[in-house]
Number of protein chains: 2
Amino acid sequence: MIKRGELANRSGCNLETIRYYEKIGLLKPPERTASGHRLYSRDDQARLGFILRGRDLGFSIGELMSLLTLVDSHDYSCGEVLELTDGHLASVRQKIIDLKKLERTLADVSAQCDGGDVPECPIIDALYGHKVVVPN
Amino acid sequence: MIKRGELANRSGCNLETIRYYEKIGLLKPPERTASGHRLYSRDDQARLGFILRGRDLGFSIGELMSLLTLVDSHDYSCGEVLELTDGHLASVRQKIIDLKKLERTLADVSAQCDGGDVPECPIIDALYGHKVVVPN
DNA sequence: CTTGAACCTGTAGTGACTACAGAGATTATA
DNA sequence: TATAATCTCTGTAGTCACTACAGGTTCAAG
């Protein structure tokens, strides 16, 4: 059983974030010492690891809640988990598509500007709508 | 000269967002009627258009502030604008790289799961750290 | 026994909005 | 002209996922 500071150190998670995860219900309220200090078990540590790895994969708090609720039910199916994961994967792919479109547009606009000392700038013109900026 | 609701309709911008942009200094305080209703000129409309197009290109409020400050100075150079744009472009490209890495990892994890009715799920295992999840 | 670190609580700040509540102004209709 | 409906005004609170602080208690080392 370790305390919050130790858990933060071992997991690499911010100290305050642990308390936050407890507040919103991602982490279960841990045991306490007689004086009120939190004590985390091995299970608690594993659960935080789960959350942090999921977070690194871009899962939202809501998605992690769903995953953990499934796990906690001890009655989840692989299919339910896959559905959540693939949903998330789809949204990541959409974000990539959107950003690539953005990148092309920005690169186009940037290429029109030769960056000199002149005060006429095609980028500013484009933003003011003198030219079409976002090609769909 | 049009009022706030009309500006919102024409620009497609949310009504409240216009007031917000004024509060943080992106939009200049517009003229007012005797009773206090805001009146927007053609210049005001063009400025909001500038902001909205910039926003669509993913510029942050801070970046738009910088761009508009340059424009307002009437003494900006094309080079300054290009620098800001290319800086933003670089951060967009980095975001794409990060998301692609994420996508590969998620796709890997997803592929390990056959989505059946069984309660053993490789995705959950991976999140619990039983297997390495993020390949750098 | 004292000092300093770690822990406790609640609350406020971030970015970029969005959404109210309650009051006053304007416009349309009867 | 009266009134009802809509629009605008202000300030403030909520969103997401944290992060940081203030002011107080407890613990561990010397």
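I count two residues as in contact if their C-beta atoms, placed from the backbone, lie within 7 Å. The model is predicted: local features need pLDDT of at least 70, side-chain atom pairs count only at pLDDT 80 or more, and totals for chains, interfaces and linings use all residues. Residues are numbered from 1 along each chain as its sequence is written, while chains are lettered from A and ligands numbered from 1 in the order in which they are written.

**Entry 1: the two copies.** I looked up the interface and noted that 100% of the interface residues of chain A are also interface residues in chain B, so the copies meet through the same surface.

Entry 2: I examined helix 5 (residues 78-111) of chain A against helix 5 (residues 78-111) of chain B; helices are DSSP runs of H or I, at least four residues, numbered from the N terminus. Their axes lie 9 Å apart at an angle of about 155°, the axes being lines fitted to C-alpha atoms over the stretch in contact and angles running from 0 to 180 degrees between N-to-C directions. The two helices are therefore roughly antiparallel, a term for angles over 145 degrees.

**Entry 3: DNA strand C.** I found 19 residues around DNA strand C, with G5(A), R38(A), N14(B), S60(B) and I61(B) coming nearest; a residue is near if its C-beta atom, placed from the backbone, lies within 6 Å.

Terms used. Parallel < 35°, antiparallel > 145°, perpendicular 65-115°, else oblique.
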